[in-house]
Amino acid sequence: MSNSKQKRAAARLAAVQALYQFEMEATPMASLLDEFHRHRIGMEIDEAQFAQAEVAFFDDVVKGTIARRDEIDELLASKLTEGWSLARLDKTMLQILRAGAYELLARPDIPTGAAISEYLDVCHAFFDAREAKFANGVLDSVAKAVR
């Protein structure tokens with residue numbers, strides 16, 4: 001994996017973590033970004049290395065996902081299987097889907113396959129294959145709708 005690709009992958013993982021924190025604690029945006037810039041991205045915390053991430057890309061995914069959350073949630077909800085709602089989803093899964101949907105909507109510079117594949121990698125950090133398959137299905141449906 002190239003250094004640039006690794007930095008983007010690290011940025012996506014950090015963005016999902018920041019979105020989760022925003023969702024759970026309603027941390028104000030400026031504080032949230034500052035905390036991740038100063039204490040998470042590229043730092044070692046409790047011996048867990050947070051890889052050096054592409055900070056501008058991290059900021060775009062976090063800010064963009066939060067700014068367009070209503071639009072993204074409406075889109076995601078329309079792609080869920082009958083009987084499922086965003087409220088039923090695991091909170092981490094929801095952030096993965098939101099960030100992935102944001103990239104598919106707002107970042108035409110990123111190839112569809114790359115965006116989906118990268119968020120599946122993030123998914124594998126938290127979930128097993130069954131959940132990753134679910135995420136793949138939802139993001140694939142989003143991609144077909146917006147690209």
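# Close-up views of a predicted model

**Figure 1. The second largest pocket of the model.** The second largest pocket has a volume of about 180 Å³. The model is predicted. Nine names can be picked out along the lining: Trp-84, Arg-88, Leu-89, Asp-90, Met-93, Phe-127, Arg-130, Glu-131 and Phe-134. Helix α7, residues 129–146, gives the largest share of this lining, with three residues. Five residues of the lining are nonpolar and four are charged. No polar residue takes part in the lining.

**Figure 2. The whole chain, for orientation.** The chain holds seven helices and two strands. Read from the N terminus, the order is α-α-β-β-α-α-α-α-α. The chain has 147 residues, and buried residues make up 42% of them. Take the contacts between residues at least 6 apart in sequence: 70% of these join residues at least 24 apart.

**Figure 3. Helix α1 packs with helix α3.** Two packed helices are described by the angle between their axes and the distance between the axes. Here the angle is about 35 degrees, and the axes of α1 (residues 3–25) and α3 (residues 55–67) lie 8 Å apart. The crossing of α1 and α3 is right-handed. From α1, the contact uses Arg-8, Ala-11, Arg-12, Ala-14, Ala-15, Ala-18, Leu-19 and Phe-22. From α3, the contact uses Phe-57, Phe-58, Val-61, Val-62, Thr-65 and Ile-66. Eleven residues of this contact are nonpolar, one is polar and two are charged.

**Figure 4. Arg-12, a buried residue of helix α1.** Arg-12 lies in helix α1. Is Arg-12 buried or exposed? Its relative accessibility is 4%, so Arg-12 counts as buried; the cut-off for buried is under 20%. Arg-12 touches Phe-57, Glu-103, Ile-110, Glu-118, Tyr-119 and Val-122, leaving out residues up to four places away in sequence.

**Figure 5. Glu-103, a buried residue of helix α5.** Glu-103 is found in helix α5, residues 91–106. Relative accessibility is 0% for Glu-103, so this residue counts as buried. Which residues does Glu-103 touch, not counting those up to four places away in sequence? They are Arg-12, Phe-57, Val-61, Ile-110, Ala-115, Tyr-119 and Arg-147.

**Figure 6. Val-61, a buried residue of helix α3.** Val-61 lies in helix α3. With a relative accessible area of 1%, Val-61 is buried. Val-61 touches Ala-15, Ala-99, Tyr-102, Glu-103 and Tyr-119, with residues up to four places away in sequence not counted. Now follow the backbone. Val-61 and Ala-106 are 45 residues apart along the chain, and their C-alpha atoms are separated by 9.3 Å.

**Figure 7. Leu-139, a buried residue of helix α7.** Leu-139 is found in helix α7. Leu-139 counts as buried because its relative accessibility is 1%. Its contacts are Leu-97, Gly-100, Ala-101, Leu-104, Ile-116 and Tyr-119, not counting residues up to four places away in sequence. Ala-115 is 24 residues from Leu-139 along the chain, and 9.0 Å separates the two C-alpha atoms.

**Figure 8. Val-142, also in helix α7.** Val-142 lies in helix α7. Its relative accessibility is 0%, so Val-142 counts as buried. Val-142 touches Leu-75, Leu-76, Lys-79, Ala-101 and Leu-104, again not counting residues up to four places away in sequence. Ala-101 and Leu-104 are also among the residues touched by Leu-139. What separates the C-alpha atoms of Val-142 and Tyr-102? The distance is 9.8 Å, for two residues 40 apart along the chain.

**Figure 9. Ala-26, an exposed residue in a loop.** Ala-26 is found in the loop between α1 and α2, where α2 covers residues 29–40. Ala-26 has a positive phi of about 50 degrees, although this residue is not a glycine. Is Ala-26 buried or exposed? Relative accessibility is 57%, so Ala-26 counts as exposed; the cut-off for exposed is over 50%.

Notes. Residues numbered from 1 in each chain as written. Predicted model: local features only at pLDDT ≥ 70, side-chain atom pairs only at ≥ 80, totals over all residues. Heavy atoms only, no water. 1 Å grid on protein atoms, 1.4 Å probe; cavity = no way out; pocket = protein on both sides within 12 Å on 5 of 7 lines; lining within 4 Å. Points joined across faces, edges and corners; volume = space filled by probe spheres on them. Helix = DSSP H or I, 4+ residues; strand = E, 2+ residues; numbered from the N terminus. Nonpolar A, V, L, I, M, F, W, Y, C, P; charged D, E, K, R; others polar. Axes fitted to C-alpha atoms, helices over the stretch in contact; angles between N-to-C directions. Left-handed = near helix turned anticlockwise from the far one by under 90°. Contact = heavy atoms within 4.5 Å. Buried < 20%, exposed > 50% of the residue type's maximum accessible area, 1.4 Å probe, protein only.
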